[in-house]
Each structure stands twice: as structure tokens, then as C-alpha cells.
Amino acid sequence: MPALNILSNLFTTLYNNEMRRKRECIVLPASKFSSEVLRVMQKHRYIGEFEQVDDGRLGKFRIQLLAKINKCGIITPRFSVKKDKYLDWERQFLPSYNMGILIVSTNKGIMSHHDAQDQGLGGSLIGYVY
């Protein structure tokens, strides 16, 4: 059965493997969008190294887990957020102030809400991790 939402599949696989205390997981299919989301998570130390493996089909990711993800998920529909309204969305999706990140798609690329706030950018909410 094909994956209907690649990002939802990514977050679900990461969360399930973290709850099982696995050291690494394999996520498929791979995409550039998923790769950018993983880079943001890696930058904020929620996951370790990851690599994209070309299997002759759609590809897959091999991701090293660090046991730091308590919950992650996508935000649908993808709400637009203005540069000064991140605090409202942070209250809605994160358990406490400054714990976790919101992943945001901006015109400068995919980044965390902290980076977008520092640069004064708005965008669309993609997901959350804490």
C-alpha cells in the first residue's frame, strides 16, 4: 500500500521506534522534503546521523535514534503563521515554553520556529517535536 502522507509516515515511524527504544530505524519512502525536516531535527539534536539509501525504488532513510523524542507529529491543515504569532502556536502544540520545536516551511527553506523568529520570517506550520 503506498504512503499517502510521507511526512506523517516519517514522524510515526520515528515515534514508534523511539517508544520501543530502538537505536536506529528505517523510513521509506525518501524525499527531499523529508530530508530537510530530518536536517532540522538533527540540528536540534532530536536524532543522530541519517543517510539516504538508494534501493532502486523510492529510496529510504537509515536514521540513528538518540532517545530524545517524547512526541512528534504533523500539523494538518498546514496553518499559516505570522512572524509575531509563534507564541500562540507554541502554546497550542508544545507542552511548555521553550520545550520542543515547531517545524516551519518559510520562503528561506524549512527551519524551526526559533530560527524563523530570529530571522523575522513567517510561514506554514509542518509539524512539532518535543
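This is a predicted model: local features need pLDDT of at least 70, side-chain atom pairs count only at pLDDT 80 or more; totals for chains, interfaces and linings use all residues.

Biologist: Is Asp115 buried or exposed?

Modeller: Buried is under 20% relative accessible area. Asp115 has 18% relative accessibility, so Asp115 counts as buried.

Biologist: What does the side chain of Asp115 make a polar contact with?

Modeller: The side chain of Lys43, at 2.8 Å. Leaving aside residues up to four places away in sequence, Asp115 touches Lys43 and His44.

Biologist: Back up a bit. How many helices and strands does the protein have?

Modeller: There are 4 helices and 8 strands. From the N terminus on, the order is α-β-α-β-β-β-β-α-β-β-α-β. The radius of gyration is 14 Å, close to the 14 Å that the globule rule gives for 130 residues, so the protein is as compact as a globular protein of that length.

Biologist: And what does the C-alpha trace span along its principal axes?

Modeller: About 45 × 30 × 25 Å. Of the 130 residues, 42% are buried. The protein exposes about 7800 Å², and carbon and sulfur atoms supply 46% of that area.

Biologist: What share of the contacts comes from residues 24 or more positions apart?

Modeller: 61%, taken over contacts with a separation of 6 or more.

Biologist: Now α1. Which residues in α1 are buried?

Modeller: Leu7, Leu10, Phe11, Thr13, Leu14, Asn17 and Glu18. Down the axis of α1 these buried residues fall within an arc of 160 degrees, so they line one face of the helix.

Biologist: Why would spaced-out positions point the same way?

Modeller: An α-helix has 3.6 residues a turn, so residues three or four places apart point the same way.

Biologist: What span should α1 have, and how far apart are its end C-alpha atoms?

Modeller: At 1.5 Å a residue, the 14 residues of α1 (residues 6-19) should span 20 Å, and the end C-alpha atoms are 20 Å apart, which agrees.

Biologist: Next, Ser34. What does Ser34 touch?

Modeller: Ser34 is in helix α2, residues 32-43. With residues up to four places away in sequence left out, Ser34 touches Ile6, Leu10 and Phe61. Its relative accessible area is 1%, so Ser34 is buried.

Biologist: And α3, which residues are buried there?

Modeller: In α3 (residues 86-93) they are Tyr86, Trp89, Glu90 and Phe93. They cover an arc of only 105 degrees around the axis, which puts them on the same side of α3. These buried residues pack against β5 (80-81), β6 (101-106), α4 and β8 (123-129).

Biologist: Which exposed residues are on the face turned away?

Modeller: Arg91 and Gln92.

Biologist: Last one. Where is Arg57?

Modeller: Arg57 sits in the loop between β2 (47-53) and β3 (60-65). At 75% relative accessibility, Arg57 counts as exposed. Arg57 and Leu7 are 50 residues apart along the chain, and their C-alpha atoms are separated by 18 Å.

Key. Residues are numbered from 1 along each chain as its sequence is written. Side-chain values use heavy atoms; hydrogens and water are left out. Helices (H or I, at least four residues) and strands (E, at least two) are DSSP runs, numbered from the N terminus. The expected span of a helix is 1.5 Å times one less than its number of residues. Buried means under 20% relative accessible area, exposed over 50%, partly exposed in between (1.4 Å probe, protein chains only). The arc is that of the directions from the helix axis to the C-beta atoms. A polar contact is a pair of N or O atoms within 3.5 Å; within protein, one must be able to donate a hydrogen and the other to accept it, and residues adjacent in sequence count only if both atoms are side-chain atoms. Contact means heavy atoms within 4.5 Å. The radius of gyration is taken over C-alpha atoms; the globule rule is 2.2 Å times the number of residues to the power 0.38. Accessible areas come from the Shrake-Rupley method with a 1.4 Å probe; for residues, only the protein chains shown count as cover.
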